[in-house]
Amino acid sequence: MRPFGRVALIGLGLIAGSMALAMRRARLAEGIVGHARSAETRATALELGLVDAVHDSAAAAVNGADLVVLAVPVGAMEAIAREIGPHLSPGCIVTDVGSVKQAVIDVVAPHLPGSVHFIPGHPLAGTEHSGPRAGFATLFRNRWCILTPPEDADPEAVARLRALWEGMGANVDLMDAPHHDLVLAVTSHAPHLIAYTMVGVADDLRRVTDSEVIKYSAAGFRDFTRIAASDPTMWRDVFLNNKAATLEILGRFTEELFALQRAIRREDGAHLHAYFTRTRAIRRGIIEAGQDTDAPDFGRSVAQSPDSVD
Ligand code: NAP
């Protein structure tokens, strides 16, 4: 693809840092500048060579950019959009990486001038770590990135953004924002809430059993703890901004949980066996689709495995 000239990354954490490294590796941008809230993060991003320059304000960072990436928590998107709106260059592409799409569109789009192309996006890749030091160039490799362009989006701008993500190693899908939010409620948001709950429950239990929960965590609990270590700000914002879809899925989850509870109480082994057979097939499907490994221990021994937590 023809590289972008100046790329402005607003937010310099795990996702933006990984994008910077991936863009540099594949020479997808002539120059990368950035802005983050704190001077410390800005200095770290410079020190790591993620960006060529940092700016104290988002408005200054987007000046002259032909691609602007909003990579801040979902709850911070509106204020950033309001700030940068008047400073965007005509024709530039504005995208975001927020884990929720409709709520971001609702608060960002009204602040952007008609002369720019707003094409929201969401890379389904992450780790439980955050901040600029957490980024790595291969984070998006063989992961999906979902773009949710508005119906009247410029096809050329969508194609450029798609090429950018493909250049960073991702597979790209297009869908509308409400559908994205429902799909992610099932595949990411509800599972995170369940992991948070499970770890919270076990933390209470730990007081009773001393350190046994931690000692024997490899029996399954450990995988919950990894997910439940995800960034609290990011996940607070996800639930507040994907309320309807998450509540719908959690309602279904609760019903299923009650059904399993009843099966256990009634010693209905056939129900339990049939249920677990179905879930095992789903796991096989994920492995066959190349979205995880069936290596023992979930491939944990692979250094810095970019397990998707989002
Ligand atoms: P992160 O590592 O915590 O980084 C967030 C960055 O945003 C930091 O540089 C932070 O600056 C900056 N920031 C926060 N509030 C700001 C504000 N008001 N103004 C300017 N900068 C601000 O987060 P991340 O994991 O990269 O997530 C960023 C976005 O990607 C979120 O919308 C999230 O939903 C989405 N996402 C995350 C994942 C994942 O698994 N982590 C995956 C896909 C998409 P300071 O360090 O100075 O506070």
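User: Which residue in β9 is the bridge partner of Leu147?

Analyst: Leu174 is the partner of Leu147 in β9. Before going on: this is a predicted model, where local features need pLDDT of at least 70 and side-chain atom pairs count only at pLDDT 80 or more, while totals for chains, interfaces and linings use all residues. Residues are numbered from 1 along each chain as its sequence is written, and side-chain values use heavy atoms, leaving out hydrogens and water.

User: Fine. In what sense do β8 and β9 pair?

Analyst: Strand β8, residues 144-147, pairs with β9 in the parallel sense over 4 bridges. Two strands count as paired if DSSP finds at least two bridges between them. Strands (E, at least two residues) and helices (H or I, at least four) are DSSP runs, numbered from the N terminus.

User: And which strands make up that sheet?

Analyst: The open sheet has 3 strands in the order β7-β8-β9, with mixed pairing. At its edges are β7 (121-123) and β9 (171-174), each pairing on one side only.

User: There's another sheet. How many strands are in that one?

Analyst: That open sheet has 6 strands, ordered β3-β2-β1-β4-β5-β6, and its pairing is parallel. Its edge strands are β3 (53-54) and β6 (117-118), and each has a single partner strand, so one side of each has no neighbour in the sheet.

User: What holds strands together in general?

Analyst: Strands of a sheet pair through backbone hydrogen bonds, either parallel or antiparallel.

User: Back to this one. Which residues stand opposite Ala8?

Analyst: Ala8 stands opposite Val33 in β2, and in β4 the bridge partner of Ala8 is Val68. The β1-β2 pairing, with β2 covering residues 29-35, is parallel and has 6 bridges. On the other pairing, β1 runs parallel to β4 (residues 67-70), and 4 bridges join them. Leu9 also has a bridge partner in β4, namely Val69.

User: Is β1 enclosed or open?

Analyst: Largely enclosed by the rest of the structure, because 5 of the 7 residues of β1 (residues 4-10) are buried. Buried means under 20% relative accessible area, exposed means over 50%, and partly exposed is in between (1.4 Å probe, protein chains only).

User: Which residues of β4 are buried, then?

Analyst: Leu67 and Val69 are buried on one side of β4, and Val68 and Leu70 on the other, which leaves both faces covered. β4 also runs parallel to β5 (residues 93-96), joined by 4 bridges. There, the partner of Val68 is Val94.

User: New topic: the ligand. Which residues are closest to it?

Analyst: Arg37, Ser38, Thr41, Val72 and Ser99 are the closest of the 30 residues that surround the ligand; a residue counts if one of its heavy atoms lies within 4 Å.

User: Where is His35, and what does its side chain reach?

Analyst: His35 lies in strand β2. Its relative accessible area is 9%, so His35 is buried. The side chain of His35 reaches the backbone oxygen of Asp56 at 3.4 Å.

User: What happens at the start of α10?

Analyst: A side-chain oxygen of Asp231 comes within 3.3 Å of the backbone nitrogen of Thr233. Within α10 (residues 232-241), Trp235, Asp237, Val238 and Phe239 are buried.

Notes:
Polar contact = N/O pair within 3.5 Å; in protein donor to acceptor, adjacent residues only side chain to side chain.
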